Structure formats: C-alpha cells, structure tokens
Amino acid sequence: MLIIRPITTTDYPALMQCAEASGHGFTSLPINEDLLRRRIQHSQASFNANVTSPGQESYLLVAVDSDSGQVVGTTAIEATVGLDVPFYNYHLSTVTHASRQLGVHNTVKVLTLGSQYTGETELCSLFLLPKWRQGVNGRLLSKSRFLLMADHRQRFADVAFAEMRGVSDEQGNSPFWQWLKEHFFLIDFTYADYLTGIGRKGFIADLMPKLPIYVNLLSKEAQAVIGKVHTNTRPALQLLEQEGFCCRGYVDIFDAGPSVECDVRNIETVRHSQRYSVDIGEHNSQQHYLISNGQLAGFRAVAAPIAITAQGQAMMTADVAVALNVKMGDEVRLVAQS
C-alpha cells in the first residue's frame, strides 16, 4: 500500500533521488541540494501555518511504501504563483490581417508573453519512480492533492493549473527552445530550465522578446511541438483531463508544453468526494476508494476497499485505519475509484 503524506526533513535523500530520476525539463525538481532542502523547510512551515487565504505557501507530499518505508514519489501544490517573482507563459492566439482593397484575408497564430496565472494555485512536481508506475499509484498521488484541497479550500485559489512538460529528447534538447536560443538566448535548454527551477528568472525578462511572436516564423520543428507533451507526461495529462482540466491556449515559455487549468470547485474529485465517519472492521466490499484523513500537517491518503454501511459509515480494515492514522468515529474524505 502507498501512503501519501507531507514531506519531512529525513526524506531529503529520496527527494533528491526523484529529482535525479525525473530527467530534463522537470523544472520544479532541480538537482540542487540547497533548493530542495529549502523546499522541504518551506513545506513544513506551510503545513503548520495558520492560513485564512492563499499566499506563498507550498505543500510538498511524498508517496511511501507502507511495507518498506521507501519514498517512491512526490507531488506538490503551490498555493499561489507569481506574487514574489513573475510567472511567465505564452498565450497562443490568432490574429487576422485583411485588406478589402486587395481582397486578401490572412489568419495567423501568435505567441504573446504574459503572466496569466499570477495568484492562482499550481499543481507541480508529480513524479513516481518507474518501478511504481503501475496500478492505482499514479492516480492516488495525483488525486490526493484534490482531497487535500477539498478539505482546506481557504488555502488555495479559485483556479488551479498545471504546466505539463513539453517535447524534448533524451539529451534535453527542445525544438521550441532551439529556435528561441538561436535568436534570443544563446544558452542551452537544460541550463535555462535549471535557472528557472532554482528561482533565477531574471534572464527571462532581460532577454525574452516582448512583442508577439508569429508562429509561422518559427522553424517547422518548433511549430510542431507547441502545445504537445513529453511522452512521459501523457499519463499525468490524461489524469488531469479526466478531472476536468483543459488547455486554454497557454504554453510554457521554454518547451511550449501546455498548461491546463480548472476551477477548483469543478475538479471532479473535489465535486464528488464526500466525508464519512469511520467504522473499523472486516468487510467483503470490492469497491475501492481514494481516502484521506482530512487533516493538514498530519495528512494521509491511501487507496483501499471501503464498505459504506447501512448507517452511512465508511468501514475499513484495521491496517487501512493505521495507514490513515484514524480511529473509530473520526471523519475521512473519500471518492470512488473509477
């Protein structure tokens, strides 16, 4: 059984392992000890803070194998973005050039630099070690964030979004960045991505073209990957799409991967999850649920079979109750696993 819980200081080696295994283009997990340790500290402070509205809190979770105690994955929620340093993206839109005199009508796509998601909640750092990408593990890790958000709505913005990793090869070469590099930056994609991951974003404002970029002026290779995701990212994108997330034309400024968004109140897990009182005992139910204990600093989430009793209680076995750190009569939030 995998248990999702807040990260602790002792989880640093496992977090670094995830960062090293995540590969190029995974901006939110840079291979940098100082930054990763600060992320852990910031997360611990955020989980313990008294919050009435979303600010600069960051909630970092890990997936732990209940048998071995091994940390096998991670994910995070940034309560807001762009309040301290700009959070840039491109918006893909169309413009029309027309001349009635010449009888010419031409519609072209343009990329416009902006900061659309300032103040919104970001879902990020979703990563499972390859061995554990099976069964319901990925679904649990992704949806556990929504169970947390459902119980603590005041901590998060009205809109949640996620930047999906764009197309790049095994060496970290991005076709989209290659065009930008040749004309504006003169630095490699992996280095630019790393600088962004450690918070050194000033070069973006200094060097990024401020005027809209006409897409038909880009290389064919760059045009082909706008709004496309990395092969390893497709399962994560599908999970978010099933939750109601969609792309509204915003893409990453480095690899042109799509950003997807959804009103938090319309996220499927938030809408359909319900709270139940806990009953502990043996049962024969084969209906599996994603379950969280409703706590914050003591947050736990698992996937397990649950029986809804005639009294409207959630009956779980003793090992599930231990994993969730709940006792008889406590409340849990659960959603049926599709």
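Reader: How many disulfides does the count come to here?

Author: A disulfide is a covalent bond between the sulfur atoms of two cysteines. The rule used asks for a pair of cysteine sulfur atoms within 2.5 Å, and by that rule the count is 0. Cys18 is in no disulfide, since the nearest cysteine sulfur, that of Cys124, is 13 Å away. Cys246 is in no disulfide either; its nearest cysteine sulfur belongs to Cys262, 7.2 Å away. Keep in mind that this is a predicted model, where local features need pLDDT of at least 70, side-chain atom pairs count only at pLDDT 80 or more, and totals for chains, interfaces and linings use all residues. Residues are numbered from 1 along each chain as its sequence is written, and side-chain values use heavy atoms, with hydrogens and water left out.

Reader: Is Cys18 buried or exposed?

Author: Buried means under 20% relative accessible area, exposed means over 50%, and partly exposed is in between (1.4 Å probe, protein chains only). Cys18 is buried, at 1%, while Cys246 is partly exposed, at 29%.

Reader: What about Ser273: which residues is Ser273 in contact with, leaving aside neighbours within four places in sequence?

Author: Contact means heavy atoms within 4.5 Å. With those neighbours set aside, Ser273 touches Leu147, Ala150, Arg333, Leu334 and Val335. Ser273 is buried too, with a relative accessible area of 7%.

Reader: Which side chain does a distance of 3.0 Å join to that of Ser273?

Author: That would be the side chain of Arg333.

Key: Polar contact = N/O pair within 3.5 Å; in protein donor to acceptor, adjacent residues only side chain to side chain.
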